[in-house]
Amino acid sequence: MAIDFDPKQLGSELYNGGFRPMFIGGQWVGAQSGEVSDAVNPATGERLATIPDAGVVDVDRAVLAARRAFEGPWSKFSPYERQAVLLKIAELVERDWDKLCVSDTLDMGMPIMRTLANKRRVLGMLRFYAGMATALHGETIDNSIPGEIVSFTRKEPVGVVAAIIPWNAPTAATVWKIAPALATGCTVVLKPAEDASLTPLMIARLMQEAGVPDGVVNVVTGKGSVAGARLAEHPDVNKVVFTGSTLTGQSIARAAVGNLKKVSLELGGKSPVIVCKDADIDRAVPVAAMAVFAHSGQICIAGSRLFVAREIHDEFVARVADFAKALRIGHGIETDTDIGPIVNSRQARVIEDYIASGQTEGARLLTGGSRQSGPVYDGGNFLTPTVFADVHDDMRIAREEIFGPVISAFKFDSIDEVTSRANASPYGLAAGIFTKDLGTAHKLARRLKAGSVWVNMYHAIDPAVPFGGMKMSGYGREGGVEHLYEYLETKAVWINTD
Ligand code: NAI
Ligand code: MG
C-alpha cells in the first residue's frame with residue numbers, strides 16, 4: 001500500500017500537548033473536578049495532550065444527556081434518517097481517515113500501515129449498520145388462543161448503552177460499538193481506555209459534524225476504576241458493551257447485576273494455531289507468526305499457542321523464529337515499521353515477567369525475549385518478537401494471556417490429541433488451522449471451542465460476520481445481524497380483534 005501523505009508531519013500538526021476536552025450532551029467540557037491525565041505516545045514517552053479525568057458526577061451527566069436524547073430528539077428520527085446520519089459519519093470518517101490513523105498510531109503505538117489497513121473494516125461497519133437501520137422488523141406470529149387474537153412483535157432499542165473499550169484498536173472499537181447503537185435508535189456513553197482516548201474524541205467531533213443530535217453520543221475520558229465502574233453500575237444505563245480483559249469483564253458483569261442491565265463482553269484469549277503435517281509451510285509461516293506479532297501481540301485474537309505436527313515441527317518453528325528476527329521494530333509512525341512499542345511500561349513489565357517465567361519453567365527460547373535498546377527506542381517500551389519451543393501445556397506461558405509478542409510452540413501427533421489440548425483453555429475466542437485436507441479442516445473447525453475459526457488464514461474480521469468468544473472469552477457477538485439483537489428488546493403485542 002502506498003500512501004500520499006507524511007504521517008510524521010500530520011502527527012505534529014495534530015497534537016502539541018494541549019488540553020482535549022470530553023464530549024457530554026453536545027458540549028466539549030473538562031471534568032467537574034478539573035482533574036486531567038496525560039495522553040502519552042508509547043513510542044517516545046512524550047505527552048501528546050491532556051484529557052479530563054471524569055468523575056462520577058461527569059459520568060452521571062453523560063448518562064442523563066444520553067437518556068434525554070433517547071427519549072427526546074433521537075426517538076423522532078425515522079430509520080431512514082438514522083441511516084442517513086450513519087452514512088454521513090462514514091463519509092466524514094473516510095475524509096479524515098489519515099488523521100484518525102495517525103492519531104491511533106501516536107496514542108497507542110500500532111504501526112501506521114496497520115492502522116491505515118483497517119479502513120474497509122471500519123467504514124464497512126458504519127455502512128453495514130446504516131443499511132440495517134431500515135431493515136429492522138418484528139414478526140407477525142400465529143397464536144393458538146381461541147378467538148380472533150392477533151399477535152406480533154416489535155423490535156425496540158434497549159435505551160442508553162455504555163460502551164467501554166480498550167486501547168488496542170480505538171477507532172475500530174469506537175465505530176464497532178456506536179454504529180449498531182445508532183442503527184437501532186439507542187444512545188451511547190463511550191468510555192475509551194486511559195491509554196488511547198484521543199481518537200475516540202476525534203470521532204465524536206465527526207459525529208457532531210454529521211448532525212448526530214446532542215446527547216446521542218457522549219465520550220467520557222478517565223479511569224476505568226472510576227468512570228468505567230460508574231457506567232457499569234449506573235441504574236439508568238440499560239446495556240453495557242465491553243471489550244477488554246476477562247478480569248474487568250467479570251467485574252462489569254457483577255456491577256451490572258444491580259439493575260439487571262444487558263451485558264455483552266468481548267474478552268481475552270489464548271488462541272491456538274494448529275499447523276498440520278500437510279500444511280503449505282511457505283504460506284503458513286508468515287501467517288502463523290503475524291497471528292501473534294501483529295501489533296506486538298496486543299490483540300485479543302493473538303494466536304499465541306502454536307501447535308505444529310511433530311513431522312514438520314522443528315523446521316516450522318525455526319522458520320517462524322527467522323521470520324521474527326527479520327521484523328523491523330520501530331516507532332509506529334514510521335511507514336517501514338513492522339512491530340511498534342508496547343502500550344505502556346506496566347504492560348511491558350507484565351510481558352517480561354511472562355518471558356522470565358517461560359525460561360524458569362524450562363521452555364527453549366529460540367529468539368527474542370529482550371528489550372530493544374538504542375537511541376530510537378529508549379523513550380518507549382520495545383520488546384523483541386519472542387518464540388519459545390518445547391513448551392509444556394502446564395507452563396504459565398501456555399495457559400495465560402500474555403498480550404505481548406510471545407509465541408509458545410508445541411508438538412502434536414494426532415488430530416484428536418491436538419483438539420483436546422487446544423480446547424483445554426478457559427478461553428474460546430479464536431483458532432487457526434493450516435491444512436490442505438478438507439476433512440481435517442472441517443473436523444477441526446467443528447470441534448474447536450472458539451468463536452472464530454480461520455482455515456489457511458488468520459485475523460479476518462468483517463462487518464457482516466459475527467465475532468466474539470465462548471467460555472471466558474465472553475458472550476455476545478459483534479458484527480452481522482446478531483449484533484443488532486444485542487441492542488434491541490423484543491416486545492410482543494396482542495390485539496383482540498373480536
Ligand atoms: P482493562 O480490561 O482493564 O481495560 C479495558 C477498559 O475497561 C478500559 O477502558 C478501562 O478503563 C476499563 N476498565 C478498567 N477497569 C474497569 C472497571 N472496574 N469497570 C469498568 N471499566 C473498567 O485492560 P487493560 O488494563 O488495558 O489491559 C490489561 C490486560 O487486559 C491486557 O494485558 C490484556 O491481557 C487484556 N486486554 C484484552 C483486550 C482484548 O481485546 N481482549 C484489550 C485490552 C486488554
Ligand atoms: Mg497513549
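This is a predicted model: local features need pLDDT of at least 70, side-chain atom pairs count only at pLDDT 80 or more; totals for chains, interfaces and linings use all residues.

Visitor: Which side chain meets that of Asp 390 in a salt bridge?

Guide: In general, side chains of opposite charge can pair when their charged atoms come close. Here the partner of Asp 390 is Arg 364, with 2.7 Å from N to O. This pair links distant parts of the chain, 26 residues apart: Asp 390 is in the loop between β14 (386-389) and α14 (396-399), and Arg 364 is in strand β13 (residues 364-367). Arg 364 is partly exposed as well, its relative accessible area being 38%.

Visitor: How many salt bridges does a search of the whole structure find?

Guide: The search finds 30. One of them joins Arg 127 to Glu 94, whose closest N and O atoms are 3.0 Å apart. Arg 127 belongs to helix α6 (residues 119-133) and Glu 94 to helix α3 (residues 79-95), so that distant parts of the chain, 33 residues apart, are linked. Arg 127 counts as partly exposed at 36% relative accessibility, and Glu 94 likewise counts as partly exposed at 36%.

Visitor: Which residue forms a salt bridge with Asp 416?

Guide: It is Arg 447, at 2.7 Å from N to O. Because Asp 416 lies in helix α15 (residues 415-423) and Arg 447 in helix α16 (residues 438-447), the pair ties together parts that are 31 residues apart in sequence. Salt bridges may also share partners, and in this way Asp 60, Arg 230 and Glu 233 are joined into one network.

Visitor: Is Glu 156 buried or exposed?

Guide: Glu 156 counts as buried, because its relative accessibility is 18% and the limit for a buried residue is under 20%. Glu 156 lies in strand β5 (residues 149-157). Its side chain makes a polar contact with the side chain of Lys 491, at 2.9 Å. Leaving aside neighbours within four places in sequence, Glu 156 is in contact with Tyr 487, Leu 488, Glu 489 and Lys 491.

Visitor: Which residues coordinate the magnesium ion (ligand 2)?

Guide: The donors are Val 40 (O), Asp 107 (O), Asp 107 (OD) and Asp 195 (O), at 2.2 to 2.4 Å. In sequence, these donor residues follow the spacing V-x66-D-x87-D. Asp 107 lies in helix α4 (residues 97-108) and Asp 195 in the loop between β7 (187-191) and α8 (198-209), so the pair ties together parts that are 88 residues apart in sequence. Asp 107 is buried, with a relative accessible area of 2%, whereas Asp 195 is partly exposed, at 22%.

Visitor: Which residues touch the most other members of the largest nonpolar core?

Guide: In soluble globular proteins, nonpolar side chains tend to be buried together. The largest nonpolar core here has 157 residues, and Phe 293, Leu 306 and Phe 316 touch the most other members. Domain 1 (7-267 + 473-493) and domain 2 (272-462) both give residues to this core, so it lies between them. Not counting residues up to four places away in sequence, Phe 316 touches Val 275, Ile 281, Ala 284, Val 285, Ala 288, Leu 306 and Val 308. A second, separate core has 7 residues, including Ala 193, Ala 196, Val 343 and Phe 403.

Key: Residues are numbered from 1 along each chain as its sequence is written. Chains are lettered from A and ligands numbered from 1 in the order in which they are written. Side-chain values use heavy atoms; hydrogens and water are left out. Donors are N, O and S atoms within 2.8 Å of the metal (3.2 Å for Na, K and Ca); water is not among the atoms, so sites may look incomplete. Helices (H or I, at least four residues) and strands (E, at least two) are DSSP runs, numbered from the N terminus. Buried means under 20% relative accessible area, exposed over 50%, partly exposed in between (1.4 Å probe, protein chains only). A polar contact is a pair of N or O atoms within 3.5 Å; within protein, one must be able to donate a hydrogen and the other to accept it, and residues adjacent in sequence count only if both atoms are side-chain atoms. Contact means heavy atoms within 4.5 Å. A salt bridge is a side-chain nitrogen of Lys or Arg within 4 Å of a carboxyl oxygen of Asp or Glu. A nonpolar core is a set of buried Ala, Val, Leu, Ile, Met, Phe, Trp, Tyr and Cys residues joined through side-chain atoms within 4.5 Å. Domain bounds come from an automatic or database domain assignment.
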